[in-house]
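Here is a short briefing on one protein chain. Keep the structure in view as you read.

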Amino acid sequence: MKLQVAIDVLSTEAALELAGKVAEYVDIIELGTPLVKSEGLSAITAVKEAHPDKIVFADLKTMDAGELEADIAFKAGADLVTVLGAADDSTIAGAVKAAKAHNKGVVVDLIGIEDKVARAKEVRALGAKFVEMHAGLDEQAKPGYDLNVLLNAGEEARVPFSVAGGVNLSTIAAVQRSGADVAVAGGAIYGADDPAVAAKELRAAII
C-alpha cells in the first residue's frame, strides 16, 4: 500500500517546506485543492521539480471541461489529477483521454457520492486509474462520522482505491486490511508537531 500526503496549505513555499520534510517517507505528494486555487499551476511545477522521483497528485476536483483541465495540470507536472465522481461521464472520459496522451492517470474522487460502490465500478470502466473513497473535512466534523463506511465501500467495489478521511496512526492498519492501494494522510501529518516523525511512523505501520 502506498502512502500519500495531502498538503493542505495555502502557499507554494509552505508546500515545498512540508514536502521536503516528509518526501522520503511517502510515495505520493498531493497538492490540495485550496493550494492549487491559491497558487495556481505553478505550485504543481515547483513541487514536481523539487521531487521528480515522487508521484505528484493535483487535487483539481474537476467537475467540467475534463480534458482541458487535466491537460493543463499534466503539462504543469502533475502525474495524477482528480475528477469528481459527480461529474458527467463525458467529463471523466475527457480527462482520461488527456491522461492517455501524457501517459498519466486520473483519479475519480467519490466525495459526496451516496452509492460509492456503484459509481466506483462505473468510473473504473471509464478509465480511472483508481477511485478515492473520500470524506471531506466538513463531513468528518459531523457527529457520528465513521471511517469504516469508506473502508467497506472500498472492499465491496473491488476496484483499485485510495482512502482519505481520517487516516492516522490508529486507523492505518484497518485501511490496509480493507485492501486499499493508497492511504491518504493529511492532518495526521501536516497537523503534527513534527510532520517528518508522523510520516515516518505511518510508513512504518504499513506492512
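Lysine 104 is partly exposed, because its relative accessibility of 31% falls between the 20% and 50% limits. The model shown here is predicted. Lysine 104 forms a salt bridge with aspartate 79, with the closest N and O atoms 3.1 Å apart.

**Salt bridges**

- Lysine 104 sits in the loop between H5 and strand S5 (105-109), and aspartate 79 in the loop between H4 and strand S4 (80-84), so the pair ties together parts that are 25 residues apart in sequence.
- Aspartate 79 is buried, at 15% relative accessibility.
- Lys48 joins Asp79 and Lys104 in a network of salt bridges.
- Aspartate 89 and arginine 119 also form a salt bridge, at 2.9 Å from N to O. This pair links distant parts of the chain: aspartate 89 is in helix H5, arginine 119 is in helix H6 (residues 116-125), and they are 30 residues apart.
- Aspartate 89 is partly exposed at 36% relative accessible area, whereas arginine 119 is buried at 10%.
- Lysine 61 and aspartate 59 meet in a salt bridge of 2.7 Å, N to O. Lysine 61 is partly exposed at 24%, but aspartate 59 is buried at 3%.
- The total count is nine salt bridges.

**Nonpolar cores**

- The largest nonpolar core has 63 residues. Val81, Met133 and Val163 have the most contacts inside it.
- Helix H5 (residues 89-102) gives the largest share of this core, five residues.
- A second, separate core has nine residues, including Phe57, Leu80, Val107 and Val184.

**Helix H4**

- Alanine 73 lies in helix H4. Its relative accessibility is 0%, so alanine 73 counts as buried.
- Beyond four places in sequence, alanine 73 touches Leu41, Ile44, Leu60, Ala78 and Val81.
- Isoleucine 72 is in helix H4 (residues 66-76) too, but isoleucine 72 is partly exposed at 36%.
- Leu41, Leu68 and Ile72 make a nonpolar surface patch of about 260 Å².

**Helix H1**

- Which residues of helix H1 (residues 12-22) are buried? They are Thr12, Ala15, Leu18, Ala19 and Val22.
- These residues cover an arc of only 130° around the axis, so they lie on the same side of H1.
- Glu13 and Gly20 are exposed on the other side of H1.
- The buried residues of H1 pack against several elements, including strand S1 (2-7), helix H3 (41-50) and helix H11 (195-205).

Note on methods
Residues are numbered from 1 along each chain as its sequence is written. This is a predicted model: local features need pLDDT of at least 70, side-chain atom pairs count only at pLDDT 80 or more; totals for chains, interfaces and linings use all residues. Side-chain values use heavy atoms; hydrogens and water are left out. Patches are made of residues with over 30% relative accessible area and no salt bridge: like charges are joined within 9 Å, nonpolar side chains (Val, Leu, Ile, Met, Phe, Trp, Tyr) within 5 Å. Accessible areas come from the Shrake-Rupley method with a 1.4 Å probe; for residues, only the protein chains shown count as cover. A salt bridge is a side-chain nitrogen of Lys or Arg within 4 Å of a carboxyl oxygen of Asp or Glu. Helices (H or I, at least four residues) and strands (E, at least two) are DSSP runs, numbered from the N terminus. Buried means under 20% relative accessible area, exposed over 50%, partly exposed in between (1.4 Å probe, protein chains only). A nonpolar core is a set of buried Ala, Val, Leu, Ile, Met, Phe, Trp, Tyr and Cys residues joined through side-chain atoms within 4.5 Å. The arc is that of the directions from the helix axis to the C-beta atoms. Contact means heavy atoms within 4.5 Å.
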